[in-house]
Amino acid sequence: MSASQKPLESAATIRHDWQLHEVEALLALPFNDLIFQAQSVHRVYFDPNEVQVSSLLSIKTGSCSEDCGYCPQSARYDSDLNPEALMPVDAVLKAAQQAKEQGASRFCMGAAWRSPKDRDIERVVEMVQGVKALGMETCVTLGMLSDKQTQALKDGGLDYYNHNLDTSEDYYSEIITTRTYQDRLDTLERVRDAGINVCCGGIVGMGESATDRAKLLLQLANMPKHPESVPINMLVQVEGTPLHGTEALDPIVFVRTIAVARILMPQSRVRLSAGRKAMSDEMQALCFLAGANSIFYGDKLLTTDNPMTNHDQQLFERLGVRMGGSSYA
Ligand code: SF4
């Protein structure tokens, strides 16, 4: 039986033993078969007309010691970015309140650090508690964490921790040299073990091969528990970063990546993340059809531009999509 003919119930089974050849076969399915399978899996666990909306704020910007080749926040690249120190708690809460009024159910806070200092964690915990008091879910991305820091975030009530794998283990050293793939896996394990929900995905369009995309998805899908949120980012090419000028990825390949993420991780929120600004409404609609059911909302994504919220609202209206479903299914 071909992958496109599998009974849908079994296609939506939660598995953690995917093989590379299976993932590559899914990525290579005829497009209509792939989308049909992804949409069918999607409907087993989610309302197909509902998209969860998160808002992302950069709470500490730039001057990062890491060398991630896509990132304008690295101190190593000349990207016209104004570095900013860790924001005061009240300014963060004001932004969260605004995001809530615009319909966001989760507030994500990102800091450009290799890893935070213990005193930074204290202030981040205050932010988490303040955002939760507004009735929103919280997510932070702060780099690598120690056990103590992870526990402090858990005790502070943090709902999600974001830490992306970025790409396949094989391609990783082309993108980042200042920390290892294993460092990332270790942080993810620490977060999972502390009982914090995991937000973990990657970036495509960085010059990686189809096999690298398959291996990234395989790594995510074969974690002992699937990440609750899986952001799939399209590289935003920022002048001054080493990846500026990389050949653009075929948008259909991006949609295929979303569809396969949906099939491999049926219960996860697959988030259409960075790169939406450059996507047509039609491409975003295809991504929703392929099983994406979360977006970042707000006109900034850390330091790069994102579609305006009223444009997103109009698109949702045209598609009959509702915002909602804040919690993990
Ligand atoms: S992606 Fe994060 S860790 Fe890497 S350079 Fe940017 S801010 Fe630093």
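Predicted model: local features only at pLDDT ≥ 70, side-chain atom pairs only at ≥ 80, totals over all residues.
Visitor: Which residues lie around the ligand, and how many of them are nonpolar, polar and charged?
Guide: The shell consists of Cys64, Glu66, Cys68, Tyr70, Cys71, Gln73, Ser74, Ala112 and Arg179. Tyr and Cys count as nonpolar, along with Ala. Sorted by class, the shell holds five nonpolar, two polar and two charged residues.

Visitor: At 1.5 Å a residue, what span should helix H9 have, and how far apart are its end C-alpha atoms?
Guide: Helix H9 covers residues 210–221, which makes 12 residues. The expected span is 1.5 Å times one less than the number of residues, so it should be 16 Å. The distance between the end C-alpha atoms agrees with this, at 16 Å.

Visitor: Which residues of H9 are buried, and what covers them?
Guide: The buried residues of H9 are Asp212, Arg213, Ala214, Leu216, Leu217, Leu218, Leu220 and Ala221. Their cover includes helix H2 (20–27), helix H7 (169–175), helix H8 (181–193), strand S6 (202–204), strand S7 (229–234) and helix H10 (251–264).

Visitor: Where does UniProt place the feature "binding site", and how many residues do these positions span in sequence?
Guide: The unreviewed UniProt entry puts the feature at Cys108, Cys139, Cys199 and Arg271. No two of their C-alpha atoms are more than 13.8 Å apart, so they gather at one spot. In sequence, however, they span 164 residues.

Visitor: Is cysteine 139 buried or exposed, and what is its relative accessible area?
Guide: Cysteine 139 sits in strand S3 (residues 137–141). Beyond its neighbours within four places in sequence, cysteine 139 has contacts that include Cys108, Leu158 and Tyr160. Buried means under 20% relative accessible area. Cysteine 139 is therefore buried, at 3%.

Visitor: Is arginine 271 buried or exposed, and what is its relative accessibility?
Guide: Arginine 271 belongs to strand S8 (residues 269–272). Sequence neighbours within four places aside, arginine 271 is in contact with residues including Cys199, Ser229 and Phe296. Cys199 is also one of the "binding site" positions in the UniProt record. Arginine 271 counts as buried, because its relative accessibility is 1%.

Visitor: Where is glycine 320, and what distance separates its C-alpha atom from that of glutamate 50?
Guide: Glycine 320 is in the loop between helix H12 (309–319) and strand S12 (322–323). Its relative accessible area is 43%, so glycine 320 is partly exposed. Glycine 320 and glutamate 50 are 270 residues apart along the chain, and their C-alpha atoms are separated by 8.8 Å.

Technical notes
Residues numbered from 1 in each chain as written. Heavy atoms only, no water. Near = heavy atom within 4 Å. Helix = DSSP H or I, 4+ residues; strand = E, 2+ residues; numbered from the N terminus. Buried < 20%, exposed > 50% of the residue type's maximum accessible area, 1.4 Å probe, protein only. Contact = heavy atoms within 4.5 Å. UniProt positions renumbered as here; feature names shortened; annotations may be inferred.
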